[in-house]
Amino acid sequence: MAAGTILQLTNVGRRYNEIGRELTILDDASFSLGKGEMVALVAPSGAGKSTLLHTAGLLERPDNGDVILDGRSCGSLSDEERTAIRRNDIGFVYQFHHLLPEFSALENVMMPQMIRGMKPRVASERAQQLLDYMKVGARASHRPSELSGGEQQRVAIARAVANAPLVLLADEPTGNLDPVTAAYVFEALEALVRQSGLSAMIATHNHELALRMDRRVTLKDGKITTI
Ligand code: ADP
């Protein structure tokens, strides 16, 4: 693994069994994400973006090849070890916020920290700071249903980075927002990534946003290539 690389996929294969035939989604796919780098993943629907992000984020196991996070080979780790790494070192943002509806914005951002064993007061302070940074601090006591789509996504981003992960993986984080809100949410996400030195891989259909990242890759015939 090259110095300055935080996440590496080496010859990753991922196949699904459909009735009567095998679908190859990732076919010896290789990729390196540099420390502090922000990479856009741009590919048509069905190309395998979610599969790639889930495999990179240790939610799915590769059928072959390896995922190396911060120099650590994750391919052969136990489920418990993978869960621990996901909890501490990987942040996820999805197209839909997946916030817990019966908890406030603040509590949603506190949750991953509490699961990790942080004291409520410390978790609460950090959660408020992150919400402030995402310019949604004034809405901290509100439940997700009382927030706009853009606000919900900003809370979801704050939650994803609550445990100061090494890598942020986002699957069309602004895909469900109107263009103006999408630009605003992306700006906040970008500022957070840049300010914290986080490394990010972000799947998006929005070419304007993709152009603002350091590099663009696509998925074609199961391989990851630079565009
Ligand atoms: P994208 O995110 O680019 O839209 P996905 O990774 O969601 O692509 O899906 C890639 C292909 O894999 C699609 O054809 C999809 O139907 C198929 N696929 C995804 N997950 C599964 C699964 N669990 N079982 C079978 N096929 C799947």
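**Notebook: helices, cores and positive phi**

I began at the end of helix α1, which is followed by L58, a residue with a positive phi near 65 degrees. Helices here are DSSP runs of H or I with at least four residues, strands are runs of E with at least two, and both are numbered from the N terminus. I note that this is a predicted model, in which local features need pLDDT of at least 70 and side-chain atom pairs count only at pLDDT 80 or more, while totals for chains, interfaces and linings use all residues. Residues are numbered from 1 along each chain as its sequence is written, and side-chain values use heavy atoms, with hydrogens and water left out.

The buried ones are K49, T51, L52, L53, H54, T55 and A56. L58 itself sits in the loop between α1 and β4 (64–69), and because its relative accessible area is 2%, I list L58 as buried.

Most residues other than glycine have a negative phi. N11 belongs to strand β1 (residues 5–18), and with a relative accessible area of 41% it is partly exposed.

**Entry on α3 and α5**

Two packed helices are described by the angle between their axes and the distance between the axes. The axes are lines fitted to C-alpha atoms, for helices over the stretch in contact, and angles run from 0 to 180 degrees between N-to-C directions. I found that α3 (residues 105–115) and α5 (residues 149–160) pack at about 25 degrees with their axes 8 Å apart. The two are therefore roughly parallel to each other, where under 35 degrees counts as roughly parallel, over 145 as roughly antiparallel, 65 to 115 as roughly perpendicular and the rest as oblique.

Contact means heavy atoms within 4.5 Å, and here it is made by A105, N108, V109 and P112 of α3 with V155, A158 and R159 of α5. Sorted by class, this contact has 5 nonpolar, 1 polar and 1 charged residues; Ala, Val, Leu, Ile, Met, Phe, Trp, Tyr, Cys and Pro count as nonpolar, Asp, Glu, Lys and Arg as charged, and the others, Gly among them, as polar.

**Entry on α5 and α6**

I then turned to α5 and α6, whose axes come within 10 Å and cross at roughly 15 degrees, and which are therefore also roughly parallel to each other. The crossing is right-handed, and the contact is made by G150, Q153, R154 and I157 of α5 and by T181, Y184, V185, A188, L189 and L192 of α6. By class I have 6 nonpolar, 3 polar and 1 charged residues for this contact.

V185, found in α6, is buried because its relative accessibility is 1%. Leaving aside neighbours within four places in sequence, V185 is in contact with G150, Q153, R154, I157, T174 and L177.

**Entry on the nonpolar cores**

A nonpolar core is a set of buried Ala, Val, Leu, Ile, Met, Phe, Trp, Tyr and Cys residues joined through side-chain atoms within 4.5 Å. The largest has 40 residues, and those with the most contacts inside it are V109, L131, V155, L168 and I202. Among the elements that give two or more residues to this core are α3, α4 (120–133), α5 and β8 (199–203), while α6 gives the most, with 7 residues. I202 touches M38, V39, A40, L41, A170, P173, F186, L189 and M213, not counting residues up to four places away in sequence. Apart from this core lies another of 29 residues, including A56, L69, F92 and V167.

**Entry on N176**

Last, I looked up N176, which lies in the loop between β7 and α6 and counts as partly exposed at 45% relative accessibility. Residues up to four places away in sequence aside, N176 touches Q95 and F96. Its C-alpha atom and that of P62, 114 residues apart along the chain, are separated by 29 Å.

Note on methods. Buried means under 20% relative accessible area, exposed over 50%, partly exposed in between (1.4 Å probe, protein chains only). A crossing is left-handed if the near helix is turned anticlockwise from the far one by less than a right angle, and right-handed if clockwise.
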